[in-house]
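Subject: Structure handover

Hello,

Here is the structure for you to look at. My notes follow below it.

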Amino acid sequence: MSTRSADLLIVGGGVVGLSVAYNCAKRGLGKITLLDRGRIGRGASSRNLGGVREQFSNEPMIRLMKYSIDVWEGLSKELRWNVLFDQKGYLMLARTESQAEQVKQNVRLQNSIGVNSVVLERDDVAEMLPQLKMDGVKCASFNKRDGAVHHDAVLWGLERAARRHGVEIIENVEATKLCTTSGRINAVETTAGTISTQKVINATGVFSRDLALTVGIDLPIRSFRREALVTEAYKHFLKPVFWDLTLGLLLSQTLRGEVLCDTRDPGNEESRDTGVSLSFLKKLAREVCELFPALGELHVLRQWSGTYDVTPDGSPILGESDEVSGLYFASGFTGHGLMVAPALGRLYADYLISGKKPKLLEPFRLSRFAEGKPIVEPLVAGRKIA
Amino acid sequence: MFDPEKLTISRSSKLHRPRGYLCGTGMCPNCMMRVDGVPNVRVCTLVGNKKPRLEIQNHIRLLDTFRLTQKFSGLLKPGFQYTHFNDSRGMSNLFYGFLKRFTGLGRVATTSKLKRSTERLEVDNLVIGGGVSGMNAALKASNTKVSPNGSRQGSVLLVDTYGALGGDIVQRWQTTMGYSELLRTKIEEVQAVISKVIANERIKCLMNTRVVGYYKDENTFLAISERSTFEIRAKNVFVASGGHEVLPLFPNNDSPRVMLSLGAQILMNQRARLPQSAVVLDLNGLGPLVAADLVERGKMSSVKLTRTEGFSTEEIDLCNQRSIEILPKSIVSNVKNSGSVYIKSLKEEDQKKYDAGLVVVCGRYQPNFELALQLGINLRLVTGTAEVRILQGAAGVNAVSATAVGSLVNGSYGLGSSSPEESGQIIFDITTDEYMRHFAKSSDSYVCLCEDVTAKDMYDSIEMGYDYVESLKRYTGCLTGPCQGKQCALNTASMLNMMNPKTSGLLTTPRQPLYPLPLWSVASE
């Protein structure tokens, strides 16, 4: 690769980058190249638990996810690849008065935007989760349109579709520097030569800050290490995705019968280590035994970890840079990248073709922090937003 | 608990195939049963004399009657779930409902054991593995003065999964029998090392305990036994975890009639009643000795021995004395659940049918590389060496070990290879064996028993472009089931190497825990 060019260069072959690449290619945006420093989807995209939900506590994110679930529902057909989007519902459990109040408030907000989430009273919770110890349970919010996908299936489906539409995918090449001329992107230096392009999408997750710094933009994105584990396969017993707001404990049973588990784990700010820890294993085991006494018999099969790209308010940074034209951000998802990816692909395709920023993306501009208009989202699995 | 009349003790997760006792050491998914109401318990690793209530899992009468999934197994090849029912939401939802109805193994329990306390141990030297290498490492470490002032000799903790010291060789031949002078000498040498370890008061042994992983965050080894959970910290670590046998590829290699040779010998130790006849399939060189053992201790009346190579004169004598029929340069080409075993000569195309109650497989050894890898030891995949060795020296780790099963008969079984100064890497032999050459495209030879992945599935997936371990694992499900690759890593790596030598430089990241453990065992404060 000596001198190449592309009409659109996407840096980062995760689920977001692939979705944007596929949608733009499908809409005929010209020559599209996608770079990944390793293999496709080997970062957070293949290390997550696959949860998809509309149940957020701020309006812009609820609207974005509402649209995203519309896209998820038709995605398998569109990609000709079953991404295993199982709308099994998503339950958030409140065990304190303040949480119960927050849950009810969220449901009111969600309902006002057209999301049909409901508040479940104790009896309904007990019926839906027969293994749950009901001590101290106040209520829960539940949305049956939410659910989970199989992340690998999503990656493969998008990758195949992107290739079908002529996207050039280059693996094991890292973008090292963005190059500008009079405030415009004109090229990207990589470990395998320079690629000239007018438009770059920075979808590199935890690495997006490093890449943006090469043109002097300091994205307020930090890495945050998350751990998870999976159990052996059991006959299906857990219907919805379960999330306890007090402990941060999250359980989701896959179609294969394995139970994905994760919980809040402090002290992992700024870490990109993908090893696993004993402290997490013990904490999770204690919490499962406390909330679901019978599930203490579940066998832990393996632990792994990945990284969140977190922002100060817990919401992503999207849209074109004000300082450098031609540079688009698509990161800072704070653990919600997979669930918004299908919507984002379509919205970016509209955006790049029309040159007009879609309304759904507008609130997520980078300048919101300077303007003092953060989109605060406390419902982030594993982490408390300051 | 073994009953030759009822060989089927579990059902595989995807195709619902009948499965039976295989490895005897917790290295496969085959003996997972519901025990006293607790699901997914590996029956072979239960210790003690009590008679638990055993129930077969994943037993669905309709499927068992018609073997429906097996009939349509061609439709259930890897990736089938991605390519079907993607046209409409309604169909997808029906499909997911169907999957949820039939996937998974055991039903979850209604109660759980109480949490238990964890014992924390601090030692100078930790030796993982009580085979000859591990014992020699322990003896050597116990005689080494420890820093900082070097005034004191170090304490040693030796942890082993078996109930007795000596590793596989002692599990295989608990009694010294008269049939092989060479074997008796070997076992006497091992017994001498065992005596030295027992007599050494600085060496403490923790038996029936599995080290399930090294955790960097607390610089701790987590170990589990039936009664206790241990968190062990050590200044020096010796990984001598040896290896274990794996199944070669041949049609119906997952049949309940197929058993690994160590598993068969453990059954004989337990005085289990075995079927009257067996075919011994030899890939690791132990075949003649195992066949002789089946005659002597197993009281079998008819034993046949097949090997892809020829036999030495000593081996021929050993077999002739016990009326063991030897079939050199031949392979097992099929096993029927009814008890018919087909053996094919490598020279001629003809295939002969034999009746045998068991097929005892002396399989190739896959090194237990996982723990060493977690400690930062390099892994190298090679072809063309008969020996499997684990050596090393990463930061803070003085691991040594060797498993040289093939050379037991030639006389170098572990004894010579325990010098802590040696540094190196794990060498993983991924030579294509005769069975893989023959059955790489076979649609009824299983590479992965956990997820029912056949050789053809693997072959096709690699051809489709899933040609490095991580993608192949995610697409087919191999290496992700309850055995975590203990039965399939060798065959997976060999097949990748055979088809595309460029992509086989790496194995998957071995994740903790190395052996599945119940949540309650680590739930204490």
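Let me start with a proline in chain B. B:Pro513 sits in the loop between H15 and strand S30 (517–518) of chain B. The peptide bond between B:Gln512 and B:Pro513 is cis, with omega about -15 degrees. Most peptide bonds are trans. Please keep in mind that this is a predicted model.

Some backbone angles next. Most residues other than glycine have a negative phi. B:Phe85 is not a glycine, yet its phi is positive, near 55 degrees. Look for B:Phe85 in the loop between H3 and helix H4 (89–102) of chain B. B:Phe85 is partly exposed, at a relative accessible area of 36%. B:Asn208 is another non-glycine residue with a positive phi, about 50 degrees. B:Asn208 belongs to the loop between strand S10 (203–206) and strand S11 (209–215) of chain B. Its relative accessibility is 36%, so B:Asn208 counts as partly exposed.

**Chain B**

Chain B has 15 helices and 30 strands. Of its 525 residues, 64% are buried. Among contacts in chain B with a separation of 6 or more, 69% join residues 24 or more positions apart. The chain exposes about 20900 Å², and carbon and sulfur atoms supply 50% of that.

Take helix H8 (residues 261–269) of chain B first. How many of its nine residues are buried? Nine of the nine are, so H8(B) is largely enclosed by the rest of the structure. The buried set includes B:Leu262, B:Ile266, B:Leu267 and B:Met268. B:Gln265 and B:Asn269 are also among the buried residues. What do they pack against? The partners of the buried H8(B) residues are in chain B: helix H6 (167–172), strand S14 (243–245), strand S15 (258–260), helix H9 (287–296) and strand S22 (358–362). B:Arg271 follows H8(B) and has a positive phi, near 60 degrees.

Now helix H14 (residues 469–476) of chain B. This helix is mostly covered, with seven of its eight residues buried. Among them are B:Val469, B:Leu472 and B:Tyr475. B:Glu470 and B:Lys473 are on the buried list too. Which elements do the buried residues of H14(B) pack against? One is helix H5 (151–164) of chain A. The others belong to chain B: helix H3 (80–83), strand S29 (453–454), helix H13 (455–463) and helix H15 (489–499). Just after H14(B) comes B:Gly477, with a positive phi of about 95 degrees.

**Chain A**

Chain A has nine helices and 20 strands. Its C-alpha trace spans about 65 × 40 × 40 Å along the principal axes. Why call chain A compact? A compact globule of 386 residues would have a radius of gyration near 21 Å, and chain A has 21 Å, which agrees. Buried residues make up 65% of the 386. Of the contacts in chain A with a separation of 6 or more, 73% are between residues 24 or more positions apart. The accessible surface of chain A is about 13000 Å², with 48% of it from carbon and sulfur atoms. Chain A has 50 positive and 45 negative charges, and their mean positions are 3 Å apart.

One arginine to check is A:Arg53. It lies in the loop between strand S4 (51–52) and helix H2 (59–79) of chain A. Is A:Arg53 buried or exposed? A:Arg53 has 2% relative accessibility, so it counts as buried. Leaving out residues up to four places away in sequence, A:Arg53 touches A:Met65, A:Ile69, A:Tyr90, A:Met92, A:Asp146, A:Trp243, A:His336, A:Met339 and A:Leu379.

A:Gly193 lies in strand S12 (residues 193–197) of chain A. With a relative accessible area of 23%, A:Gly193 is partly exposed. Its C-alpha atom is 39 Å from that of A:Ser277, which is 84 residues away along the chain.

**Cysteines**

How many disulfides are there over all chains? The count is zero. A:Cys289 is in no disulfide, and the nearest cysteine sulfur, that of A:Cys261, is 11 Å away. A:Cys289 is buried, at 12% relative accessible area. B:Cys205, by contrast, is partly exposed, with a relative accessible area of 30%.

Best wishes

Key
Residues are numbered from 1 along each chain as its sequence is written. Chains are lettered from A and ligands numbered from 1 in the order in which they are written. This is a predicted model: local features need pLDDT of at least 70, side-chain atom pairs count only at pLDDT 80 or more; totals for chains, interfaces and linings use all residues. Side-chain values use heavy atoms; hydrogens and water are left out. Helices (H or I, at least four residues) and strands (E, at least two) are DSSP runs, numbered from the N terminus. The radius of gyration is taken over C-alpha atoms; the globule rule is 2.2 Å times the number of residues to the power 0.38. Buried means under 20% relative accessible area, exposed over 50%, partly exposed in between (1.4 Å probe, protein chains only). Contact means heavy atoms within 4.5 Å. Accessible areas come from the Shrake-Rupley method with a 1.4 Å probe; for residues, only the protein chains shown count as cover. Lys and Arg count as positive and Asp and Glu as negative; His and the chain ends are not counted. The place of a charge is taken as NZ of Lys, CZ of Arg, CG of Asp or CD of Glu. A disulfide is a pair of cysteine sulfur atoms within 2.5 Å.
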